[in-house]
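Take a moment to look over the chain before reading on.

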Amino acid sequence: MDIRIESPQFPTTNALSSYLRRRLRDHLPFGTERIREVEAHLSDVNGRRGGRDKRCRLIVRLNQAPEVVVQSTDSDLYTAIRRSADRVGRAVRRSIGRRLSSRRRRDRQTLEPDPVGSLA
């Protein structure tokens, strides 16, 4: 799985990059073949004007499932990263869980014999 970090408005420091990777590792079910790629977009929405404007947008591309996209905005970029990582972790687990539940239901239906005397 690949993690790409894009921050066109400011340089990505080693500390910022390692913090983001550590948070993703803590919150995403790594070691699974279901996650193909993670893309992180870090930005300063208002530029020099300040305020609650640091944004972390995470896009997780899954195998055989729709991509998961979340974003958080805060005055502190590290807080925005932490919140986004937490939210994307929950969303990915939910998405994978739905996919597995759907597959189990489908498998059960194909394995169950038709009831005796059904008109189907």
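Predicted model: local features only at pLDDT ≥ 70, side-chain atom pairs only at ≥ 80, totals over all residues.

Averaged over the chain, pLDDT comes to 83, with 74% of residues at 70 or more. Strand 4 has the highest confidence, with a mean of 96, while helix 2 has the lowest, with a mean of 79.

## The nonpolar core

The largest nonpolar core holds 25 residues, and the ones touching the most other members are L24, L28, L58, V60, I81, V88 and V92. At least two core residues come from each of these: helix 1 (14-27), strand 2 (35-44), strand 3 (54-62), strand 4 (68-74) and helix 2 (77-111). Helix 2 is the top contributor, giving eight residues.

Let's zoom in on L28. Leaving out residues up to four places away in sequence, L28 touches I35, V38, V60, V88, G89 and V92.

## A look at R4

Now hop over to R4, which belongs to strand 1 (residues 2-6). Why call R4 partly exposed? Its relative accessible area is 32%, and partly exposed covers the range between under 20% (buried) and over 50% (exposed).

Setting aside residues up to four places away in sequence, R4 touches E37, V38, E39, A40 and R61. With E37 there's also a polar contact, side chain to side chain, at 3.0 Å. And what about I59? R4 and I59 lie 55 residues apart in sequence, yet their C-alpha atoms are 9.9 Å apart in space.

Definitions and conventions:
Residues numbered from 1 in each chain as written. Heavy atoms only, no water. Core = buried A, V, L, I, M, F, W, Y, C linked by side-chain atoms within 4.5 Å. Buried < 20%, exposed > 50% of the residue type's maximum accessible area, 1.4 Å probe, protein only. Helix = DSSP H or I, 4+ residues; strand = E, 2+ residues; numbered from the N terminus. Contact = heavy atoms within 4.5 Å. Polar contact = N/O pair within 3.5 Å; in protein donor to acceptor, adjacent residues only side chain to side chain. pLDDT = per-residue confidence, 0-100.
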